[in-house]
Amino acid sequence: MSLKIPFDNTYARLPEGFYARQAPVPVADPALIAFNDALARELGIDGADDARLAAIFAGNDVPDGAEPLAQLYAGHQFGQFNPQLGDGRAILLGEVTDRTGARRDIQLKGSGRTPFSRMGDGRAWLGPVLREYVVSEAMHALGVPTTRALAAVRTGETVLREVPLPGAVLTRVAASHIRVGTFQIFSARQDTDALRALFDYTVARHYPQARDPSELLDVVIERQAKLVAQWMALGFIHGVMNTDNCTLSGETIDYGPCAFMDAYAPDTVFSSIDRFGRYGYAAQADIIVWNMAQLATALVPLMPDESEAIETFTRQIHAMPDLIRAEWLTRFAAKLGITAPRAEDAGLVADLLDLMHAGSSDFTNTFRGLADGTARDEIADRDGFDKWHARWRTRIEDEADPEAAMRAANPAFIPRNHRIEEMIAAAVAGDDAPFHRLNAVLADPFSDQPDAADLRRPPTHDEVVTATFCGT
Ligand code: AMP
Ligand code: MG
């Protein structure tokens, strides 16, 4: 059966300097690991047999209508500006319009070298591919704006990292791949024509209501503030919030060393390359403001008057922390069953978090336990908890159905690091069953699913994952 992807490409119509046309580099022996049928239907993609799907999503067979290209961008990596990055191991095949009328990018990741590969091999190994597949799909099921995973394919080739590892390709679907770093590259080059073309393209594609750069900045600030508050409410740590990994669409992108916290500690860092904790759990709320300041800086050349632009943008950036605090409070109040948060609820949340921190309580299970009556078991300071509990029950007296609200805000299941590691080890040994099981359970994270109780358990001392590594 042949596969049809109804491509309708617009990025490829942008000026040549925005990308390099580049076909994916074929691999030795494509074998399909997973194809996301539900997402494919959303995108209007027909089915095909596994061999054909494997060939397409390994990059061996470029489907009709695709116009493969590698996108150009720059970015601040750990605070240092890198004037040219770009897709070094990814290829945008093209775009489709989904069932809701939204334009979506279809991108291969791990599809071979491009003109932007620098020293890299353009490839990905199986571990990061399956990790991104599981975590991005879980984030979607958890209600977080995110890129999605359409397919994962083994390449039949070996990738050399510290050791030889099995190669794989991920197919990622995104609202777009426009990054803060995409604006930065043209701004840094003082290519105002390109910058304006990118601005016009971004506005038309994502925010047609934005009439000028300041309005674009406002809406991106709002999306990113909401996004980071959602991450924090789930104990999610992105791990590498460089400006090239920060989207204009407000979707989570680039699942590298990301991780969910087990035991609550605000300074938690997993990424092995984040030595100073720049992108730690609580730091995310500050870093996103810094990233938005870089976007603002990149937009200045589009404004008629530079000093006026700087004044306006500075005001917008300075207003962002309050916006994040408000979003944070909304999300965490919902976790306590509070529908209309008041300012003083921040203290109620903070006091619970302090009790959790003091006893290294499991973040996910403590919040889920509030509705189930098991939260007390998670807290070391029982007296402290009882006092907090009395205050909290008084606060939610007038809520209509706080238990139901809490079950909808506090997942039973998150992709726990030790389960991801276990799943990757199994897949490397040729057993994909744990991968498929994780996907199936995490598709419905707010349901109890008693058969999967083992996946709710925090890691034992021996299972704790202390460091995660970049997707390379
Ligand atoms: P990341 O940290 O994954 O967002 O990647 C940062 C930059 O490094 C991007 O420009 C990537 O395209 C590039 N890159 C990462 N891994 C590889 C690789 N294996 N080969 C070529 N480029 C890579
Ligand atoms: Mg990246």
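Helix α2 is followed by Gly-59, whose phi is positive, near 95°. Helices (H or I, at least four residues) and strands (E, at least two) are DSSP runs, numbered from the N terminus. The model is a predicted one, in which local features need pLDDT of at least 70 and side-chain atom pairs count only at pLDDT 80 or more, while totals for chains, interfaces and linings use all residues. Residues are numbered from 1 along each chain as its sequence is written, chains are lettered from A and ligands numbered from 1 in the order in which they are written, and side-chain values use heavy atoms, with hydrogens and water left out.

**Domains**

- The protein is divided into domain 1 (11-174) and domain 2 (334-409); such bounds come from an automatic or database domain assignment.
- The centres of domain 1 and domain 2, taken over C-alpha atoms, are separated by 40 Å.

- Helix α2 spans residues 50-58, and its buried residues are Leu-53, Ala-54, Ala-55, Ile-56, Phe-57 and Ala-58. Buried means under 20% relative accessible area, exposed over 50%, and partly exposed in between (1.4 Å probe, protein chains only).
- The cover over the buried residues of α2 includes β2 (31-35), β7 (103-109), β9 (148-160) and β10; contact here means heavy atoms within 4.5 Å.

**Salt bridges**

- A salt bridge is a side-chain nitrogen of Lys or Arg within 4 Å of a carboxyl oxygen of Asp or Glu. The count by this rule comes to 36 salt bridges.
- Arg-52 is paired with Asp-61 in a salt bridge whose closest N and O atoms are 2.3 Å apart. Arg-52 counts as partly exposed because its relative accessibility is 23%, and Asp-61 counts as partly exposed at 27%.
- A salt bridge also joins the side chains of Arg-172 and Asp-254 (2.6 Å, N to O). Arg-172 lies in strand β10 (residues 164-174) and Asp-254 in the loop between β11 (236-237) and β12 (259-260), so the pair ties together parts that are 82 residues apart in sequence. Both Arg-172 and Asp-254 are buried.
- Asp-372 and Arg-407 form a salt bridge, with the closest N and O atoms 3.1 Å apart. This pair links distant parts of the chain, 35 residues apart: Asp-372 belongs to helix α11 (residues 363-372) and Arg-407 to helix α14 (residues 402-409). Asp-372 is partly exposed at 31% relative accessibility, and Arg-407 is partly exposed with a relative accessible area of 29%.
- Asp-8, Glu-95, Arg-103, Asp-105 and Arg-205 are joined into one network by salt bridges that share partners.

**Magnesium site**

- Asn-245 (OD1) and Asp-254 (OD) coordinate the magnesium ion (ligand 2) at 1.8 to 2.2 Å. Donors are N, O and S atoms within 2.8 Å of the metal (3.2 Å for Na, K and Ca); water is not among the atoms, so sites may look incomplete.
- Both coordinating residues, Asn-245 and Asp-254, are buried.

**Helices α15 and α16**

- The axes of helix α15 (residues 417-428) and helix α16 (residues 433-442) come within 7 Å and cross at roughly 145°. Axes are lines fitted to C-alpha atoms, for helices over the stretch in contact, and angles run from 0 to 180 degrees between N-to-C directions.
- Arg-419, Ile-420, Met-423 and Ala-426 of α15 make the contact with Pro-434, Phe-435 and Leu-438 of α16.
- The residues of this contact divide into six nonpolar, no polar and one charged. Ala, Val, Leu, Ile, Met, Phe, Trp, Tyr, Cys and Pro count as nonpolar, Asp, Glu, Lys and Arg as charged, and the others, Gly among them, as polar.
- In α16, the buried residues are Phe-435, Leu-438, Asn-439, Val-441 and Leu-442, and what covers them includes β2, α3 (126-141) and α15.

- Phe-78, a residue other than glycine, has a positive phi near 50°. Phe-78 lies in the loop between β4 (75-77) and β5 (80-82) and is partly exposed, with a relative accessible area of 28%.
- Gln-190 is not a glycine, yet its phi is positive at about 55°. Gln-190 lies in the loop between α4 (180-188) and α5 (192-206) and is exposed, with a relative accessible area of 71%.

**His-357**

- His-357 lies in helix α10 (residues 345-358) and counts as partly exposed at 36% relative accessibility.
- His-357 and Ala-263 are 94 residues apart in sequence and 7.8 Å apart in space, C-alpha to C-alpha.
- Not counting residues up to four places away in sequence, His-357 touches Tyr-264, Ala-265 and Pro-266.
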